Amino acid sequence: MRTNQPQTIYLKDYRVPVFLVDHVDLRFELFEDGARVHSVLSMRRNPDSDSSDTSVELNSDTLTKLESLSLDGKELGIDAYEDSVDRLVIHDVPDHFELGVVTWLEPQNNTRLEGLYQSSGMFCTQCEAEGFRCITYFPDRPDVMARFRTRIEADKASFPILLSNGNDVEKGDLDGGRHFVTWEDPFPKPSYLFALVAGDLVEKRDSFRTLSGRDIDLRMYVEPRNSDKCDHAMDSLKRAMRWDEEVYGREYDLDIFMIVAVDDFNMGAMENKGLNIFNSSCVLASQETATDMAFQRIESIVAHEYFHNWSGNRVTCRDWFQLSLKEGFTVFRDSQFSADMGSPTVKRIEDATMLRTAQFAEDSGPMAHPVRPESYMEITNFYTLTIYEKGCEVVGMIHTLLGPDMFRKGSDLYFERHDGQAVTTDDFVRAMEDASGRDLSQFRLWYEQAGTPELTVKDEYDQAAGIYRLRIDQRIPDTPGQTNKKPQHIPFAIGLLGADGESLPLKLSATDADEPTDRVLELTEASHTFEFHGVSECPVPSLLRNFSAPVRVYYPWTREQLMFLMSHDPDGFNRWDAGQRLAVDVISGLVGEAGSEAVDSGLTEAYRGLLTDTSLDQALVAKMLQLPSEAYLIELADKPNVPDIHRAREKVLGHLATALRDDLLACYKRNSVEGRYEVTPQAVARRSLRNTALAWLLHTDDEEGRALAESQFAKADNMTDRMGALRALVNSGYEQECKQMLDAFYEQWKADPQVVEQWFAVQAGSSRTGGLSRIRELMSHPAFDWKNPNKIRSVIGVFAGQNLPAFHAEDGSGYRFLEEQVRRLDDSNPQIAARLVSPLTRWRKYAPVHGEQMKKALEAIRDKSGLSRDVYEVVHKSLAGQ
Ligand SMILES: [Zn+2]
């Protein structure tokens, strides 16, 4: 992986593989001091390739040591092939041949967590995107799909459980206390979907009967201490399996479906065929140890990985430029699933918040790239919000444009046409076009052009003619390597409201017989004007309902209009959005020199209305009461000074907490109903409301609030309430009480890594307790572990991503701290190091007092010797002139 000048790989250079692999026979010998991997590949010339090259190329990595190589049973001498750091070329091969490869690995020393490695004593793998080459020499690209047979041999006492993809076809004992299990996967798959697990794990079993009546064996494997944290994931899995049958007509195909939880994992989870491997934090949950948010996240990730069995595994990506083919579509599927399981409006708010806060930032920064990138250096850097979340929005817009029935026809055609193939995003769009008869040629620009479209909306009302005109101009900002972009095809959902809050009919011409109160306009031109006829009064427009496209909308709303929409818009998303826009307007108005001005009483009254009107949807109210985050305010600001934004937001929060004290207490008490813990939208909303009320009360160091927090902490029977009380106190001025509570919490939960991660995060993310000295203390805490990505994320990642006033301290100490950690991690785990750099990459956005120091930190990282390709790419792109 170490190379001085990382190569850029281009989509335009794609060629079909010259040789294919039909079958892979693997034998893993696992030992304490290493692993030997015997591989036999049945290879043949690809009839679709026009190359006459007689050399075959395999990928490799510094983690693999080649022990022997043979062709059709004959050992190859060193002059028969060329072996460089990352590839091996064998000359003069016939059209059909068997290639034997033996490699030696040291999984116990693999800190990159790619390929085969050890975590808490067990062996596990991570092969996406290019991890299989860290196990053996192989044409490691997704368009090479093969059938795998895998035999695993290990010590029986230490590794009683031996797992791989497919069905177990043979098992038995070997000499020396060892045993073996052989697995066969009948479905051809790319090597990135290969998986192996060996360990001393407990098995939790369940079963699922498919719609066609087949019984599927469901198994979860976890360490014994986690055996009581599997039920939620198992239930989520069964719900996801049923949902995919009902909504997409997709049934599971193998006889066994397995999930394994692993503590040390770079990603959230991995959809290996029949053997999903999860980061423990994304699958293990009990009421006592996981918050409501974690319960919901687990449900959606379990579903996501399961859904990949069709959108990703049965139909996979031709090359890594097509990553969004599987990720965008699967995130869309898991979003629909979560919306169906809970509150669709709340789910939409959560998705849009993430997109507008983080993906829009990515889309306007130095790493901006299209949903289907044109080039990359290190593919693991492209597991981004753009590929996943914007990719999901792009699929969602197709769903909006086609409607649910046509969309389903399109997805049926896509699966039918491409089952067993490795295809492109273009193939996906074509299936949608062919099924629906719609022309999506302009729509394809969403895959090709980076950057967030900006829509400027102007309106006028002609009272005499009863015509309301809406003019929408779209502009797509320049991004690295892309200028002068073409207008995109954007579904723009709207409604119009009359003065009494009623929805007005939307007639697009005087003779329009259709009078819906909700319409999806289709923008295709740089400037588009729509006329609505028969409009009897000057309306308030409700724009981009349900966030129908991932765009920024500019319209000169007055605060009165926003307050009106907050209480009248029938579109729940836009109600919430109006509240956000109002709060953003008020907070932004108090940044910097205006900091001493009074907080608009309109905002206070709007929030009072939310707190006291119990007839409102409480799940929506719980979301509406969340003030826009600092990260979002920074995203919206031009050359932001972060400490100033922090102060303005704190001031508004303090003002609201003081002015609404009695309403907050009443809200707290009203929502403190006893009863069995449940994760329903209503119950989640209740806990969210009472914990928000508590947080606000403690923001002003309210005595009664402190007493409530302490008693809630002591009595809580679930992690949401326990953590809610702890977080409120951590962010208050009650230092002594806070310290006691943190110590008590740690004492109680120190044996549980997932809870300790939450304990780290609540401190690292607090602008009250999470100063740099505290961060360094946390990093020298015995529970902190440099080899464990979750610990790194929960302290260093949370500090740089959430504790923004400390990270952006004016003396630059936060930036230098991150620089130091990235340099250190680059040697052991470059993937995680490259992710951690991200907050520094947008140095150009910030006020110069910040930007210059961020740039210096990036330069210091750039100058580290032996910099990994992962970090090299991010840092060089960030420093390059646009
Ligand atoms: Zn995925």
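Q: Which residue stands opposite Leu-58 in β8?
A: Leu-58 stands opposite Leu-88 in that strand. Strands here are DSSP runs of E with at least two residues, and helices are DSSP runs of H or I with at least four residues, both numbered from the N terminus. The model is a predicted one, in which local features need pLDDT of at least 70 and side-chain atom pairs count only at pLDDT 80 or more, while totals for chains, interfaces and linings use all residues. Residues are numbered from 1 along each chain as its sequence is written, and side-chain values use heavy atoms, with hydrogens and water left out.

Q: How many bridges pair β4 with β8, and in which sense?
A: Strand β4 (residues 56–59) pairs with strand β8 (residues 87–90) over four bridges, in the antiparallel sense. Two strands count as paired if DSSP finds at least two bridges between them.

Q: And what pairs with β8 over three bridges?
A: That is strand β7 (residues 81–83), again in the antiparallel sense. Three residues form the hairpin that joins β7 to β8. Within this pairing, Asp-83 has Leu-88 of β8 as its bridge partner.

Q: Changing topic: how many residues are in the largest nonpolar core?
A: The largest nonpolar core has 279 residues. Such a core is a set of buried Ala, Val, Leu, Ile, Met, Phe, Trp, Tyr and Cys residues joined through side-chain atoms within 4.5 Å. Buried means under 20% relative accessible area, exposed over 50%, and partly exposed in between, with a 1.4 Å probe and protein chains only. Among the residues with the most contacts inside the core are Phe-28, Ile-90, Phe-492 and Tyr-607.

Q: Which helix gives the most to this core?
A: Helix α5 (residues 385–402) does, with nine residues.

Q: What does Phe-492 touch?
A: Leaving out residues up to four places away in sequence, Phe-492 touches several residues, including Leu-455, Ile-472, Val-520, Leu-521, Leu-543 and Val-553. Contact means heavy atoms within 4.5 Å.

Q: Which residues lie on each side of β27?
A: Ile-490, Phe-492, Ile-494 and Leu-496 lie on one side, and Pro-491, Ala-493, Gly-495 and Leu-497 on the other. Both faces are covered, and eight of the eight residues of β27 (residues 490–497) are buried.

Q: What is the order of the open sheet of three strands?
A: The order is β28-β27-β30, with antiparallel pairing. β28 and β30 are at the edges with a single partner strand each, so one side of each has no neighbour in the sheet. From one strand to the next, the twist averages 35 degrees; angles run from 0 to 180 degrees between N-to-C directions, with axes as lines fitted to C-alpha atoms, for helices over the stretch in contact.

Q: How many bridges join β27 to β28?
A: Five bridges join β27 to β28 (residues 519–523). Pro-491 has Glu-522 as its partner in β28. On the pairing with β30 (residues 540–543), there are four bridges, with Leu-496 opposite Pro-541 and Leu-497 partnered by Val-540.

Q: Where does Cys-127 lie?
A: Cys-127 lies in the loop between β11 (122–126) and β12 (145–155).

Q: Is Cys-127 buried or exposed?
A: Cys-127 is buried, because its relative accessible area is 0%. Apart from neighbours within four places in sequence, Cys-127 is in contact with Phe-132, Ile-135, Ser-191, Tyr-192 and Phe-194. Leu-116 is eleven residues from Cys-127 in sequence and 8.2 Å from Cys-127 in space, C-alpha to C-alpha.

Q: Now the helices: at what angle do α24 and α25 pack?
A: Helix α24 (residues 813–828) and helix α25 (residues 830–841) pack at about 160 degrees, with their axes 7 Å apart. Therefore α24 is roughly antiparallel to α25; angles under 35 degrees count as roughly parallel, over 145 as roughly antiparallel, 65 to 115 as roughly perpendicular and the rest as oblique. Residues making the contact include Tyr-815, Leu-818 and Val-822 of α24, and Ile-832, Leu-836 and Leu-840 of α25.

Q: How do the axes of α9 and α10 cross?
A: The axes of α9 (residues 559–568) and α10 (residues 572–588) come within 7 Å and cross at roughly 150 degrees, which means that α9 is roughly antiparallel to α10.
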